[in-house]
Amino acid sequence: MNTLLPSSRIKIILVSLLILLAGASFVYNQILINKIMEQERKSVELWAKAFEFNVDPVHLEVSTTLNRVADMLSMYPDVPDSLARMIRSAEAAKFTEDFVTQEIITPPDLFNIPVIVMDESGFVVHYRFIEDEEGTDMEAIAESFAEYHEPITITFGEENQMQNQYVYYGESPTVRYLRFFPYVQFGILALLLGVGYITYKSITRSEQSNLWVGMTKEAAHQLGTPLSSIYGWLQLLKDKNQDDEENLSIAYEIENDVTRLKGIAERFNKIGSQPELKMVHPEPIIDEVISYMKRRLPSLGKSIDVRKNIKTDMKAQINPELFQWAVENLIKNSMDAIKETVADAYVAITVDKEGNQMVIDVEDSGSGIDRKYLKEVFKPGYSTKKRGWGLGLSLTKRIIEEYHKGKIFVYSTELNKGTVIRITLPI
Ligand SMILES: Nc1ncnc2c1ncn2[C@@H]1O[C@H](COP(=O)(O)OP(=O)(O)OP(=O)(O)O)[C@@H](O)[C@H]1O
Ligand SMILES: [Mg+2]
């Protein structure tokens with residue numbers, strides 16, 4: 001018994017590959033983000049220093065005092081102009097520092113990390129790269145920043161007037177895009193693998209299908225020639241034994257079996273080409289299968305009650321030969337699923353109407369199908385029988401779904417209680 005079929009193994013391999021790639025991408029991305037965030041923290045620290053320097057009242061005071069002194073000095077005629085100039089140029093040096101902070105450290109296109117500066121009482125002193133619309137709650141934003149970045153403390157003022165302010169900062173757009181990136185990558189990968197898998201499946205399916213068609217046509221062809229010659233020989237036998245009752249009845253029996261063989265060859269031929277559908281009621285076809293299967297029962301050594309329950313006289317588009325083959329496969333499986341020893345064993349075929357569909361149920365009191373294998377039973381090659389090919393149900397599925405545009409599925413099943421396989425046909 002094949003428990004892990006190739007298709008599920010391929011699925012497992014593909015999914016593991018996807019998880020592995022996604023995991024690697026997440027880890028790599030995280031390393032990258034951490035590195036960038038380290039850089040960003042350094043930038044914010046630098047910016048905070050510049051900010052600290054610029055707003056420090058001591059610096060502002062010094063600057064104003066110096067300018068005032070220079071102004072006052074220039075009012076005294078006995079003080080040389082050069083002194084005032086010297087003082088002004090000293091103040092201009094301060095301007096150079098401003099230039100450094102404004103042009104190098106804090107230009108918006110270089111440093112675009114959202115920042116909120118708060119004083120000790122929680123008052124927002126300054127903010128950058130945060131849209132200030134009505135209802136923007138700066139404190140809440142600062143709190144959310146604090147969750148992943150420790151705020152930077154800046155200090156200014158003289159000893160007794162010293163005060164602290166806190167720089168809360170968020171993430172730059174680069175980091176935000178990077179965080180998003182693994183999801184995009186994962187999505188694209190999943191899509192690619194999905195498309196690859198579907199393509200692979202459809203290729204194998206069409207390969208299988210071509211194999212089916214080729215094999216069945218060949219089988220029909222191979223059977224055809226000896227069958228017609230057997231018919232010829234039979235005719236000769238009958239002619240020669242016109243007066244011999246016993247031999248004649250044997251000849252007729254052989255003819256019956258040969259006719260059945262011819263029917264089988266016919267089926268093989270049909271499955272290889274587009275079969276013709278006729279609007280018919282399935283009862284006569286079912287009757288034929290039941291009587292044939294009942295004849296086989298004694299050789300199986302089982303006593304099984306084969307019942308039929310026709311609840312509608314509605315007709316459906318059916319190809320009699322192929323439909324007969326399908327029902328035969330289902331009843332055969334049902335009979336196989338019943339153990340010799342059980343009492344009141346039965347197989348029941350019900351035909352009913354549901355909406356605009358014909359419903360045909362094949363029910364048995366057999367072993368049931370393990371839930372694990374519900375999907376497998378319709379795949380070619382899956383069999384739990386010693387001498388099974390695992391072709392019956394996949395052939396039946398093909399007959400019902402491809403040639404009759406219907407559906408076939410396990411309607412219900414319970415271990416050691418029985419199974420109902422349902423066919424629905426459009427009308
Ligand atoms: N009515 C049923 N009750 C229990 N198990 C079933 C029933 N029908 C099918 N199965 C399970 O599904 C498997 C596949 O069935 P399928 O008819 O395709 O192949 P098979 O009967 O094993 O071989 P064969 O090619 O001769 O038909 C069976 O081996 C059996 O385990
Ligand atoms: Mg079978």
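What share of the 427 residues in the protein chain do buried residues make up? Buried residues (20 or more other C-beta atoms, placed from the backbone, within 10 Å of their own) make up 19%. This is a predicted model, in which local features need pLDDT of at least 70, side-chain atom pairs count only at pLDDT 80 or more, and totals for chains, interfaces and linings use all residues. Residues are numbered from 1 along each chain as its sequence is written, while chains are lettered from A and ligands numbered from 1 in the order in which they are written.

The protein chain holds 9 helices and 11 strands, taken as DSSP runs numbered from the N terminus (helices H or I, at least four residues; strands E, at least two). Its radius of gyration, over C-alpha atoms, is 44 Å, well over the 22 Å of the globule rule (2.2 Å times the number of residues to the power 0.38), so the chain is more spread out than a compact globule. Along the principal axes, the C-alpha atoms fill a box of roughly 165 × 45 × 40 Å.

An automatic or database assignment gives the domains below.

| Domain | Residues |
|---|---|
| Domain 1 | 202-256 |
| Domain 2 | 274-426 |

The domain centres, taken over C-alpha atoms, are 25 Å apart.

Around ligand 1 there are 22 residues (C-beta atom, placed from the backbone, within 6 Å), of which A337, S383, G388, G392 and L393 come nearest. Helix 8 (320-337) and helix 9 (392-403) each give two or more residues to this shell, and helix 8 provides the largest share, 4 residues.

Note on methods
Buried ≥ 20, exposed ≤ 12 C-beta atoms within 10 Å, placed from the backbone.
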